[in-house]
Amino acid sequence: MISFFEASLAELSIHRIGNKAEDEFYVLSDQSLVIQDEQLKELLLQYFLSPYLKVNEIYRFFHPNDDLNLNEVYHFAEAIFEKGGSFHENSQQLAKYLYEISSHPKIKSGELYVAYFENVQIEGEVHDAIGIFKSENKETYLKVYPENSGFNVSYEQEAINISKLDKGCLIINTEKEEGYKVAVIDQTNRSTEAVYWKDEFLKLKIRNDNYNQTNNVLGVYKNFVTQKLDEDFEISKADKIDLLNKSMKYFKEKESFDIDEFANEVIANADGIESFKNFKKSYEDEFDTTIADSFDISEAAVKKQSRAFKSIIKLDKNFHIYIHGNKDLIEKGFDDDKSMNFYKVYFKEEL
């Protein structure tokens, strides 16, 4: 979805952001960097942009008051796109704003990089983009070098691993009126206090595209099968796995989703269908989002969700049964003599 084979780094500013709650301060650079070393430029492009090659979710800026201009990052990004000469000044404003919301004691201090890229391709179109990145975790590296008739070794502390971008966002200069297209990286601090990056600093909402629609329907259906069905029906673990397998088969074989077709082919039970549609409606109400009744299926979202669809029955600590096909070939029973449950599995040959 995002590619960078034509991208170039046009401008870069670096600032230091401390933790306000710990009485640390910010340090702003006086001017942006002029990088002459072409190899260094390539390393920076790899560090900043390569993590986005696997990103499919696209977000947009928003503000709770429905006025995009009240979103601080959107405001500064818009100024950079419209007034190229104001890049460094607005990078300083971004640094100050990030410092102001870095008020939780567990938020780590680190360097803030604000970069301007040219020729970033997203969804088949080439645009300029602003990157905002923060490095929080440092590592120690060994360096081996020739000396005299052999080799020597030294180390460098507090260095940055260019294969591990901690936090970042890429703001693409398109669809400004809708809040731009924004891709996000957050590899660290997954606990609740770290929502400051996406929710407090950037203030983003997911774009309601085919990827998001596919991802949401599969997620809602998985939760319906694993959590909700037990409340309304008496259903075995094998039957649940069968329902999950059928849904994944539907999404892998179809090009588009239709809720009535899906319900009839996968659930195939009037009461179950009604329960699923009610569950979907409850999800939409709770999260203030809409899942369309029909849309084109995103292969990338199916691939992502397939990792979370488990087809395993775990029996105590002794056995795991994987169900990939016909669930009628497995039967559950109870042995009165042993006072234990059992499964009977039918097969033609042992592979």
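Is Glu123 buried, partly exposed or exposed? At 35% relative accessibility, Glu123 counts as partly exposed. Its salt-bridge partner is Lys181, and at 3% relative accessibility Lys181 counts as buried. The model described here is predicted. The protein chain has nine helices and 16 strands, and a search of the whole structure finds 28 salt bridges.

**Overall form**

- A compact globule of 351 residues would have a radius of gyration near 20 Å, whereas the protein chain has 26 Å.
- The C-alpha trace spans about 80 × 65 × 40 Å along the principal axes of the protein chain.
- Buried residues make up 43% of the 351 residues in the protein chain.
- Among contacts in the protein chain with a separation of 6 or more, 64% join residues 24 or more positions apart.

- In the salt bridge between Glu123 and Lys181, the closest N and O atoms are 2.6 Å apart.
- Glu123 sits in the loop between strand 4 and strand 5 and Lys181 in strand 9 (residues 181-186), so the pair ties together parts that are 58 residues apart in sequence.
- Both residues belong to a network of salt bridges that links Arg60, Glu123, Glu175, Lys181, Arg207 and Asp209.
- Side chains of opposite charge can pair when their charged atoms come close.

- Lys246 and Asp242 form a salt bridge through their side chains, at 3.5 Å from N to O.
- Both Lys246 and Asp242 are in helix 6 (residues 237-253), where they are four residues apart, about one turn of the helix.
- Lys246 counts as partly exposed, at 37% relative accessibility, while Asp242 counts as buried, at 11%.
- The side chains of Asp260 and Lys277 also meet in a salt bridge, with an N to O distance of 2.7 Å.
- Asp260 belongs to helix 7 (residues 259-267) and Lys277 to helix 8 (residues 270-287), so this pair ties together parts that are 17 residues apart in sequence.
- Asp260 has 40% relative accessibility and counts as partly exposed; Lys277, at 31%, counts as partly exposed.

- Helix 2 (residues 72-82) is largely enclosed by the rest of the structure, because eight of its 11 residues are buried.
- The buried residues of helix 2 are Val73, Tyr74, Phe76, Ala77, Glu78, Ala79, Ile80 and Phe81.
- The cover over these buried residues includes strand 3 (59-61), strand 4 (110-122), strand 5 (125-135) and strand 8 (167-172).
- Helix 3 (87-101) and helix 4 (197-202) are also among the elements that cover the buried residues of helix 2.
- The N-terminal end of helix 2 is capped by Asn71, which has a side-chain oxygen 3.1 Å from the backbone nitrogen of Val73.
- His63 lies in the loop between strand 3 and helix 2, and with a relative accessible area of 14% His63 is buried.
- Apart from neighbours within four places in sequence, His63 is in contact with Leu70, Asn71 and Lys203.

**Lys20 in its loop**

- Lys20 is in the loop between strand 2 (8-17) and helix 1 (38-49).
- At 34% relative accessibility, Lys20 counts as partly exposed.
- Lys20 and Ser103 are 83 residues apart along the chain, but their C-alpha atoms are separated by 5.2 Å.
- With residues up to four places away in sequence left out, Lys20 touches Tyr99, Glu100 and Ser102.

**Nonpolar surface patch**

- Leu142, Val144, Phe151, Val153 and Tyr155 make a nonpolar surface patch of about 630 Å².
- At least two residues of the nonpolar patch come from each of strand 6 (139-147) and strand 7 (150-159).
- Strand 7 gives the most to the nonpolar patch, with three residues.
- Leu142 is located in strand 6 and counts as exposed, at 68% relative accessibility.

Technical notes: Residues are numbered from 1 along each chain as its sequence is written. This is a predicted model: local features need pLDDT of at least 70, side-chain atom pairs count only at pLDDT 80 or more; totals for chains, interfaces and linings use all residues. Side-chain values use heavy atoms; hydrogens and water are left out. Patches are made of residues with over 30% relative accessible area and no salt bridge: like charges are joined within 9 Å, nonpolar side chains (Val, Leu, Ile, Met, Phe, Trp, Tyr) within 5 Å. Accessible areas come from the Shrake-Rupley method with a 1.4 Å probe; for residues, only the protein chains shown count as cover. A salt bridge is a side-chain nitrogen of Lys or Arg within 4 Å of a carboxyl oxygen of Asp or Glu. Buried means under 20% relative accessible area, exposed over 50%, partly exposed in between (1.4 Å probe, protein chains only). Contact means heavy atoms within 4.5 Å. A polar contact is a pair of N or O atoms within 3.5 Å; within protein, one must be able to donate a hydrogen and the other to accept it, and residues adjacent in sequence count only if both atoms are side-chain atoms. The radius of gyration is taken over C-alpha atoms; the globule rule is 2.2 Å times the number of residues to the power 0.38.
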